[in-house]
Amino acid sequence: MAEAVSKSLRDRVANEARHRCGYCLTDQRVSGAQMHIEHIIPRVRGGRSTESNLWLSCAWCNSFKGTRIEAVDPATGANAALFNPRTQKWLQ
């Protein structure tokens with residue numbers, strides 16, 4: 001059975017993410033749709049529903065990422081970890 005994410009935890013994650021997708025940085029007000037609480041390490045790969053493993057994601061980014069944690073780098077052909085919005089920041 002999947003671990004439930006409480007409303008208070010969802011609210012903390014959303015506030016920390018400034019109500020923006022951690023991947024494309026779209027603001028929830030701009031998207032017009034509710035953001036997803038996304039598991040950085042997916043549950044099917046052993047990720048937990050803990051604050052340190054959760055972030056906000058738009059539906060498009062969350063569905064594109066799916067259960068992946070890495071992808072092939074097109075420049076090198078090597079596997080590379082996907083962007084982690086908790087530990088990495090986009091240059092703005």
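How much accessible surface does the protein chain have, and what share of it belongs to carbon and sulfur atoms? The total is about 6,300 Å², and carbon and sulfur account for 55% of that. Keep in mind that this is a predicted model.

Now the overall layout. The protein chain has 3 helices and 4 strands. Their order along the sequence is α-α-β-β-α-β-β. The radius of gyration is 13 Å, close to the 12 Å that the globule rule gives for 92 residues, so the chain is as compact as a globular protein of that length. Along the principal axes, the C-alpha atoms fill a box of roughly 40 × 35 × 20 Å.

As for the inside, 33% of the 92 residues count as buried. If you take the contacts with a separation of 6 or more, 51% of them join residues 24 or more positions apart.

Next, helix 1, which covers residues 7-16. Its buried residues are L9, V13 and A14. Seen down the helix axis, these buried residues fall within an arc of 135°, so they line one face of helix 1. After helix 1 comes R18, with a positive phi near 55°.

Which members of the largest nonpolar core touch the most other members? They are C21, Y23, I37, L54 and L56, out of 16 residues. Helix 1 and strand 2 are the elements that give two or more residues to this core.

L56 is worth a look on the screen. Setting aside neighbours within four places in sequence, its contacts include V13 and A14, along with A17, H19, R20 and C21. G22, M35, H36 and I37 are also in contact with L56.

Last, V5, which sits in the segment before helix 1. Is V5 buried or exposed? Its relative accessible area is 16%, and the cut-off for buried is under 20%, so V5 counts as buried. Leaving out residues up to four places away in sequence, V5 touches R10, I37, S49 and L54.

Notes: Residues numbered from 1 in each chain as written. Predicted model: local features only at pLDDT ≥ 70, side-chain atom pairs only at ≥ 80, totals over all residues. Heavy atoms only, no water. Buried < 20%, exposed > 50% of the residue type's maximum accessible area, 1.4 Å probe, protein only. Arc of directions from axis to C-beta. Core = buried A, V, L, I, M, F, W, Y, C linked by side-chain atoms within 4.5 Å. Contact = heavy atoms within 4.5 Å. Rg over C-alpha atoms; globule rule 2.2 N^0.38 Å. Areas by Shrake-Rupley, 256 points an atom, 1.4 Å probe, with all protein chains shown as cover.
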